[in-house]
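Please keep the sequence and the 3D view open while you read the points below.

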Amino acid sequence: MSDNKCNTMKNLLEVSFALDDLRLFLDTHPYEKEAISCYQIYKDQRNKVLEDYEQNFGPILSYNVNDENQWIWIETPWPWEGEV
């Protein structure tokens, strides 16, 4: 995996973790305005990083497959083939 691809995936995982953590907090504190604001910021950031990743390296989720990038992940190594 190239450094850029690895760094972009790492950034996506970090932002996703923060978003999931905030979601869990909001499950028990649904009216916490600062947390809701942070959730929206991380959600926007995650969408941007996901879009950046998919534009450069192809779709991560099958929901994002279109006519131009269809099923290209079968052309790259699978996770158990040594690359993350």
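1. A word on helices to begin: helices (H or I, at least four residues) and strands (E, at least two) are DSSP runs, numbered from the N terminus. With that in hand, look at helix H2, which covers residues 33-57. Tyr53 and Phe57 sit 4 residues apart in this helix, so about one helical turn separates them.

2. Two notes on how to read the values. This is a predicted model, in which local features need pLDDT of at least 70 and side-chain atom pairs count only at pLDDT 80 or more, while totals for chains, interfaces and linings use all residues. Residues are numbered from 1 along each chain as its sequence is written, and side-chain values use heavy atoms, with hydrogens and water left out.

3. How many aromatic pairs does the structure hold? There is 1 aromatic pair. Rings of Phe, Tyr and Trp (its six-membered ring) pair if their centres lie within 6.5 Å; planes under 30 degrees apart count as stacked, over 60 as edge-to-face and the rest as tilted. The ring centres of Tyr53 and Phe57 are 5.0 Å apart and their planes meet at 50°, so this pair is tilted.

4. Are the two partners buried or exposed? Buried means under 20% relative accessible area, exposed over 50%, and partly exposed in between (1.4 Å probe, protein chains only). Tyr53 has 6% and is therefore buried, whereas Phe57, at 23%, counts as partly exposed.

5. Turn next to the charged side chains, where the structure holds 2 salt bridges. A salt bridge here is a side-chain nitrogen of Lys or Arg within 4 Å of a carboxyl oxygen of Asp or Glu. One of them joins Glu14 to Lys10, with the closest N and O atoms 4.0 Å apart. These residues are 4 apart in helix H1 (residues 3-28), so about one helical turn lies between them. Glu14 is partly exposed at 45% relative accessibility.

6. Asp20 and Arg23 form a salt bridge too, and their closest N and O atoms are 4.0 Å apart. Being 3 residues apart in helix H1, Asp20 and Arg23 are separated by about one helical turn. Asp20 is partly exposed at 39% relative accessibility, and Arg23 is partly exposed at 37%.

7. Finally, do have a look at Trp71, which lies in the segment after H2. Trp71 has a relative accessible area of 45%, so Trp71 counts as partly exposed.
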